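Open the model in a viewer and keep the selection tool at hand. The stops below say what to select and what is found there.

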Amino acid sequence: MAFTTTMLAWSVIEFGELMPFDELRNAATAVRWASDYLLKTIAYPNRLFIQVGDPIRDHNCWERPEDMDTLRTVYSVSSEKPGSDVAGETAAALSAASMALRQIDAGYADRLLEGAFKAFEFADTYRGAYSDDPELKAGGCPFYCDFDGYQDELLWGAAWLRRASQNDSFLNYIQNNGKTLGADDNINEFGWDNKHAGLNILVSKEFLEGKVFSLQSYKESADSFMCTLVPESSSPHIQYTPGGLIYKPGGSNMQHVTSIAFLLLTYANYLSRTSQYVNCGSIAISPASLRAQAKKQVDYILGDNPSKMSYMVGYGDKFPQRIHHRGSSLPSIANHSEFIACKEGTIYFNSSNPNPNPLIGAIVGGPGEDDIYEDDRADFRKSEPTTYINAPLVGVLAYFAANPNL
């Protein structure tokens, strides 16, 4: 949820001026809803509440949120059980939200920034990953294990605090801790668990626009990642499906597609403003090439693919009908007022009927590496929507909606 908030806020920061007023207001309202929650998670000193609900018991039920009666087990990280990863991302989220909302409510933005300072100080003082604690591991794994360590989130949180506050102490933190926290590890990943590629794009902005030459390595790493995405480059390339969709084996694939499309567009903007290019060895890649690559991914999501299927619910003539989502697949309270207990919803889970409550705008995990999508509710890797799939696409869609001729 913290990563979702960061990405939705970043969408507003980079592309909010391109959004119609009503849609900008909707985006800001969603950011505030999330940041209100995140402020509550840091309300106690040296403690951060990270999850409510036992994931094993919750996943064991197929029931409406209104009917949920599973235990509301609360998990938290603390000075004794550190979670620098989730605290660092919370600091990033509150920092980004403070920027997204500052023009609307400066007082609230100040509160968010104060909260970000607090979350970051906690993350940095008590270092460790939440998955290293047996009790927290039992609550977070196998659903949201930290596979990639906490070091990237410390740099990510510091980078967002630097951008939101312009405080030199965070620039110094990045300069002094970059190497020991893995900034030189050229990892071409970006998502809720791994911030490396996003970190490099974010920090490159200050190198490009602020001429902070000590940050040049971040530009080089950002370029290296971009070179794996564009066809003109001779670098080893990221995997694509035959139909042209970015593909990373493992969990929900579309999270990679939307977050990488966001980075392509955002980096293109940073480069354009400073008349720079991507250095791919013997060739220079233009910002226009990055935008074209982002557009191919968005067009694929919205229906320009071998199946001629939109992967956004409600968009186009053909879209997923049986998404892996409890509220969407179970009858609404209006149509079925009686209580539906934990296992009583199984018949709806197993049903081949379309979901009765379409979750308009939700983007699912998407097709496999062969471009095939079966529209099977049980195949959660392909049919489950997530907040962190949608959040980065808000900015991307705002850009292309405002630039229809690209």
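## Stop one: the enclosed space

The residues of the lining of the largest cavity divide into four nonpolar, four polar and no charged. In this classification Ala, Val, Leu, Ile, Met, Phe, Trp, Tyr, Cys and Pro count as nonpolar, Asp, Glu, Lys and Arg as charged, and the others, Gly among them, as polar. The model is predicted: local features need pLDDT of at least 70 and side-chain atom pairs count only at pLDDT 80 or more, while totals for chains, interfaces and linings use all residues. Residues are numbered from 1 along each chain as its sequence is written, and side-chain values use heavy atoms, with hydrogens and water left out.

Select Phe3, Phe190, Gly191, Trp192, Gln255, His256, Ser259 and Tyr388 to display that lining. The cavity has a volume of about 30 Å³, and a search of the whole structure finds one cavity of 30 Å³ or more. On a 1 Å grid over the protein atoms alone, a cavity is a set of points where a 1.4 Å probe fits but cannot get out; a pocket is an open set with protein on both sides within 12 Å along at least five of seven lines; lining residues have an atom within 4 Å of a point. Grid points are joined across faces, edges and corners, and a volume is the space filled by probe spheres set on the points.

Which helix gives the most to the lining of the largest cavity? Helix H11 (residues 254-273) does, with three residues. Helices (H or I, at least four residues) and strands (E, at least two) are DSSP runs, numbered from the N terminus.

Now centre on Gly191, in the loop between H8 and helix H9 (196-210). Gly191 counts as buried because its relative accessibility is 12%; buried means under 20% relative accessible area, exposed over 50%, and partly exposed in between (1.4 Å probe, protein chains only).

Move to the second largest pocket, with a volume of about 300 Å³. It has 13 lining residues, and those closest to its centre are Val12, Gly16, Leu24, Ala100 and Gln103. Colour helix H1 (2-15), helix H2 (21-41) and helix H4 (84-101), the elements that give two or more residues to this lining. H2 gives the most, with four residues. By class, the lining of the second largest pocket holds eight nonpolar, two polar and three charged residues.

## Stop three: a helix crossing

Show helix H12 (residues 287-301) with helix H16 (residues 387-402); their axes come within 11 Å and cross at roughly 105°. Axes are lines fitted to C-alpha atoms, for helices over the stretch in contact, and angles run from 0 to 180 degrees between N-to-C directions. H12 is therefore roughly perpendicular to H16, a label for angles of 65 to 115 degrees (under 35 is roughly parallel, over 145 roughly antiparallel, the rest oblique).

To see the contact, select Arg291, Ala294, Lys295, Val298 and Ile301 in H12, and Leu393, Val396, Leu397, Tyr399 and Phe400 in H16. Contact means heavy atoms within 4.5 Å. The contact of H12 with H16 has eight nonpolar, no polar and two charged residues.

Stay on H16 and pick Thr387. Thr387 is partly exposed, with a relative accessible area of 40%. Not counting residues up to four places away in sequence, Thr387 touches Met1 and Thr4. Thr387 and Ile363 are 24 residues apart in sequence, and their C-alpha atoms are 8.8 Å apart in space.

## Stop four: backbone details

Go to the loop between helix H6 (134-140) and helix H7 (151-165), where Pro142 lies. The peptide bond from Cys141 to Pro142 is cis, with omega near 5°.

Two residues with positive phi come next. Asn46, in the loop between H2 and strand S1 (47-52), has phi near 50° without being a glycine. Asn46 counts as partly exposed at 39% relative accessibility. Gln166 is in the loop between H7 and H8, and its phi is about 60°, also positive in a residue that is not a glycine. Gln166 counts as partly exposed at 49% relative accessibility.

End at Asn177 in helix H8 (residues 168-177). Is Asn177 buried or exposed? At 17% relative accessibility, Asn177 counts as buried. Leaving aside neighbours within four places in sequence, Asn177 is in contact with Arg127 and Leu155.
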